[in-house]
Amino acid sequence: MVDDGGRLGIIKQAAQQETVGEAGVLGTIERQLGNWCFRSNSQDAIYERYMFPLLVSEQLDTWPEKNLRQRVWMTPEEAREVCQYWWMKEALDILVSRLTCEKHNNQE
């Protein structure tokens, strides 16, 4: 049995692999935004998803899914408009709130 810290480490490692495979970016995974449980509309299953911000340090010219996916940089507002699921929008809102608070605290 894996403890919660070990489980979270495995989840973060999987997230890091996805950033390389799907978007061709490397960086530091930061503090978790949260986790969400939801029922699939197409399957009779409940899924749990974890979301982490990534501080990007490098963009790769080639990556495994380059022919399947397009890397696009956008503002938080633009990203929120194209989020497919409510939990993705909620994670983005948490990130924006966190960054706004950090910026405000750094200015004091």
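Q: How do you know how far apart the mean positions of the positive and negative charges are?
A: Lys and Arg count as positive, Asp and Glu as negative, with His and the chain ends not counted. Each charge is placed at NZ of Lys, CZ of Arg, CG of Asp or CD of Glu. For the 12 positive and 17 negative charges here, the mean positions come out 2 Å apart. Keep in mind that this is a predicted model, where local features need pLDDT of at least 70, side-chain atom pairs count only at pLDDT 80 or more, and totals for chains, interfaces and linings use all residues. Residues are numbered from 1 along each chain as its sequence is written, and side-chain values use heavy atoms, leaving out hydrogens and water.

Q: What makes up the secondary structure of the protein?
A: Three helices and four strands, in the order α-β-β-β-β-α-α. Helices (H or I, at least four residues) and strands (E, at least two) are DSSP runs, numbered from the N terminus. Arginine 98 belongs to helix H3, residues 86-107.

Q: Why is arginine 98 said to have no salt bridge?
A: A salt bridge needs a side-chain nitrogen of Lys or Arg within 4 Å of a carboxyl oxygen of Asp or Glu. The nearest side chain of opposite charge, glutamate 102, is 5.0 Å away, so arginine 98 has none.

Q: What does arginine 98 contact, leaving aside neighbours within four places in sequence?
A: Arg31, Gln32, Leu33 and Pro53, where contact means heavy atoms within 4.5 Å.

Methods
Buried means under 20% relative accessible area, exposed over 50%, partly exposed in between (1.4 Å probe, protein chains only).
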